[in-house]
Amino acid sequence: MIAGPCSVESKQQTLEIAHAVKEAGAVGLRGGAFKPRTSPYAFQGLAEKGLQILAEAREQTGLAIVTEVMAVDQVKLVTDYADVLQVGARNMQNFNLLNAVGEARKPVLLKRGMSATLEEFLLAAEYIMSKGNSQVMLCERGIRTYEEYVRNTLALAAVPELHRVSHLPVVIDPSQGTGKNHLVDSMCRAAVAAGADGLIIEVHNDPEHAMTDGAQSITPKQFDDMMKAIRRIALAVDREV
Ligand code: PEP
Ligand code: MN
């Protein structure tokens with residue numbers, strides 16, 4: 001379980017959330033320091049300052065840090081701070097970036113592009129592995145469809161299908177995958193039941209005032225309740241908790 005804010009906004013915000021998700025049972029802390037935003041005028045992330053805050057959160061909690069690297073020239077910097085390099089949906093076919101993280105010696109969380117087929121997704125993972133980095137996690141984070149009640153359509157069938165054709169672990173991101181905080185809990189339960197190897201969830205201590213993705217962020221209390229429900233589901237489908 002990887003949980004944390006969409007963006008690192010401040011030291012206080014990040015540390016508060018980190019302690020809360022650790023307490024509830026998360027093993028990884030997510031948080032963007034480099035943010036891929038639709039508008040160039042929107043908050044772009046705290047960059048290295050954000051990475052330093054994440055490193056402090058790791059020191060205090062022991063959580064592994066999962067954070068996005070957006071460009072080839074950021075790989076060294078992000079690798080110095082992160083435990084897992086996240087390649088975002090918008091960069092799934094940035095082949096230079098895939099090659100660069102393939103040369104890094106850190107695990108990679110590769111997000112499915114919002115218009116990518118599973119085959120394209122798997123071939124993107126191949127770019128990373130072909131450079132010698134076999135530590136790749138596939139992250140389904142929803143695809144773009146005509147449907148409007150959700151931000152993205154979370155393709156949960158990707159879990160068993162990716163397991164059928166690949167040995168790589170599959171992580172579900174129901175936060176980007178739905179865009180709605182009230183849908184996160186159900187999609188997490190379904191993902192666990194479907195055999196997902198991991199979950200990555202956006203948790204914010206004040207979702208209404210989050211700088212990014214507040215509408216899809218759950219509170220630490222909701223996260224804690226959800227963790228309890230997920231454990232019950234995992235047990236019910238004979239999975240380890
Ligand atoms: C995120 O995890 O906050 C994010 C931007 O993800 P994606 O690349 O899946 O949109
Ligand atoms: Mn986000």
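Predicted model: local features only at pLDDT ≥ 70, side-chain atom pairs only at ≥ 80, totals over all residues.
View 1. Beyond the residues up to four places away in sequence, Gln-176 touches Arg-30, Lys-111, Arg-141, Arg-151, Asn-152, Glu-202, Asp-213 and Gln-216. Gln-176 belongs to helix α7, which spans residues 174–178. Its relative accessible area is 8%, and Gln-176 is therefore classed as buried, the cut-off for that class being under 20%.

**View 2. The site of ligand 1.** Gln-176 is one of the residues that surround ligand 1, together with Cys-6, Arg-30, Lys-35, Pro-36, Gln-86, Gly-88, Ala-89, Arg-90, Lys-111, Arg-141 and Glu-202. In the side chain of Arg-30, an N or O atom is placed 2.8 Å from an oxygen atom of the ligand, and a side-chain N or O atom of Arg-90 is likewise 2.8 Å from an oxygen atom of ligand 1. With Ala-89 it is a backbone N or O atom that lies 2.8 Å from a ligand oxygen atom.

**View 3. Ile-218 and its contacts.** Ile-218 lies in the loop that runs between β8 (198–202) and α9 (220–236), and because its relative accessibility is 4%, Ile-218 counts as buried. Apart from neighbours within four places in sequence, Ile-218 is in contact with Asn-181, Val-184, Ile-201, Glu-202, Val-203, His-204, Pro-207, Phe-223 and Met-226. The C-alpha atom of Ile-218 is separated by 9.1 Å from that of Lys-180, a residue 38 residues apart from Ile-218 along the chain.

Technical notes: Residues numbered from 1 in each chain as written. Chains lettered and ligands numbered in written order. Heavy atoms only, no water. Helix = DSSP H or I, 4+ residues; strand = E, 2+ residues; numbered from the N terminus. Buried < 20%, exposed > 50% of the residue type's maximum accessible area, 1.4 Å probe, protein only. Contact = heavy atoms within 4.5 Å. Near = heavy atom within 4 Å. Polar contact = N/O pair within 3.5 Å; in protein donor to acceptor, adjacent residues only side chain to side chain.
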